[in-house]
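Colleague: Hi, can you walk me through this one? I'd like to start with the aromatic rings.

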Amino acid sequence: MSALGSFENKTQLKEEIACEKLAFAGMEIDASKRLVYRGEKEVNITFTEFEILHLLARNPGRVFSKEQIYDIVWKESYSGDYNIIMSHIRNIREKIEDNPSKPIYIQTVWGVGYRFNKNISSGL
């Protein structure tokens, strides 16, 4: 491998690692360690909750339907009741929001689905 190739690989790795950390006002998501922090406090979050939160947070402002969330997170089409998505969103909000009934991070787009608030400033 050439010196240039080695440099390019290291640069790409640094960029990939940087993309694995998402920071917003009051919250940080570290994808490489699968950890979520509110301030300095680690949030206890399940595998599925992390997958949903990470999907929304890495696409701020983009609305995902319940069907899209299910298809992406579970990696299969779902033909049943989407209450499972609503239940996971509720659990995530209880863990990351100061007031889960008035969420700042994960917003409901009535009749469509959910999105991560694009107006929360990034800390990175």
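Modeller: Two rings of Phe, Tyr or Trp count as a pair if their centres lie within 6.5 Å. Ring pairs of that kind link Phe-24, Tyr-105 and Phe-116 into a cluster. Keep in mind that this is a predicted model.

Colleague: Noted. How many aromatic pairs does the structure hold?

Modeller: Three. One of them is formed by Phe-24 and Phe-116.

Colleague: What is the geometry of Phe-24 and Phe-116?

Modeller: The pair is tilted. The rings are 4.6 Å apart, centre to centre, with 50 degrees between the planes.

Colleague: And where do these two sit in the chain?

Modeller: In distant parts of it. Phe-24 belongs to strand β1 and Phe-116 to strand β6, 92 residues apart.

Colleague: Is Phe-24 buried or exposed?

Modeller: Buried, at a relative accessible area of 10%. Phe-116 is buried too, with 0% relative accessibility.

Colleague: What about the rings of Tyr-70 and Trp-74?

Modeller: Their centres are 4.4 Å apart and their planes meet at 5 degrees, so that pair is stacked. The cut-off for stacked is planes under 30 degrees apart.

Colleague: How far apart are Tyr-70 and Trp-74 in helix α3?

Modeller: Four residues, so about one helical turn separates them. Tyr-70 counts as buried at 7% relative accessibility. Trp-74 is partly exposed, at 23%.

Colleague: Let's stay with α3. At what angle do α3 and α4 pack?

Modeller: About 80 degrees, and their axes are 9 Å apart. The two helices are therefore roughly perpendicular to each other.

Colleague: Which residues meet there?

Modeller: From α3, Lys-66, Ile-69, Tyr-70 and Trp-74. From α4, Ile-84, Ile-85, Met-86 and His-88. Six residues of this contact are nonpolar, one is polar and one is charged.

Colleague: What does His-88 touch?

Modeller: Thr-48, Glu-49, Ile-52 and Trp-74, not counting residues up to four places away in sequence. Thr-48, Glu-49 and Ile-52 are buried residues of α2.

Colleague: How many residues of α2 are buried?

Modeller: Nine of its 11, so α2 is mostly covered. Among them are Phe-50, His-54 and Ala-57.

Colleague: New topic. How many residues does the largest nonpolar core have?

Modeller: It has 27. Those with the most contacts inside it are Val-36, Leu-53, Leu-56, Ile-69, Ile-96, Ile-106 and Phe-116.

Colleague: Which elements give two or more residues to this core?

Modeller: Strands β1, β2 and β6, plus helices α2, α3 and α4. The largest share, six residues, comes from α2.

Colleague: Now the loops. Where is Arg-34 found?

Modeller: In the loop between β2 and β3. Arg-34 is partly exposed, with a relative accessible area of 32%.

Colleague: What is Arg-34 in contact with?

Modeller: Phe-47, Phe-50 and Glu-51, leaving aside neighbours within four places in sequence. Take Phe-50: Arg-34 is 16 residues from it in sequence and 7.2 Å from it in space, C-alpha to C-alpha.

Colleague: And what is the phi of Arg-34?

Modeller: About 55 degrees. That is positive, although Arg-34 is not a glycine. Lys-75 also has a positive phi, near 60 degrees, and is a residue other than glycine.

Colleague: Where is the place of Lys-75?

Modeller: In the loop between α3 and α4.

Colleague: Is Lys-75 buried or exposed?

Modeller: Exposed, with a relative accessible area of 66%.

Colleague: Great, thanks. That covers my list.

Notes: Residues are numbered from 1 along each chain as its sequence is written. This is a predicted model: local features need pLDDT of at least 70, side-chain atom pairs count only at pLDDT 80 or more; totals for chains, interfaces and linings use all residues. Side-chain values use heavy atoms; hydrogens and water are left out. A nonpolar core is a set of buried Ala, Val, Leu, Ile, Met, Phe, Trp, Tyr and Cys residues joined through side-chain atoms within 4.5 Å. Buried means under 20% relative accessible area, exposed over 50%, partly exposed in between (1.4 Å probe, protein chains only). Axes are lines fitted to C-alpha atoms, for helices over the stretch in contact, and angles run from 0 to 180 degrees between N-to-C directions. Angles under 35 degrees count as roughly parallel, over 145 as roughly antiparallel, 65 to 115 as roughly perpendicular and the rest as oblique. Contact means heavy atoms within 4.5 Å. Ala, Val, Leu, Ile, Met, Phe, Trp, Tyr, Cys and Pro count as nonpolar, Asp, Glu, Lys and Arg as charged, and the others, Gly among them, as polar. Rings of Phe, Tyr and Trp (its six-membered ring) pair if their centres lie within 6.5 Å; planes under 30 degrees apart count as stacked, over 60 as edge-to-face and the rest as tilted.
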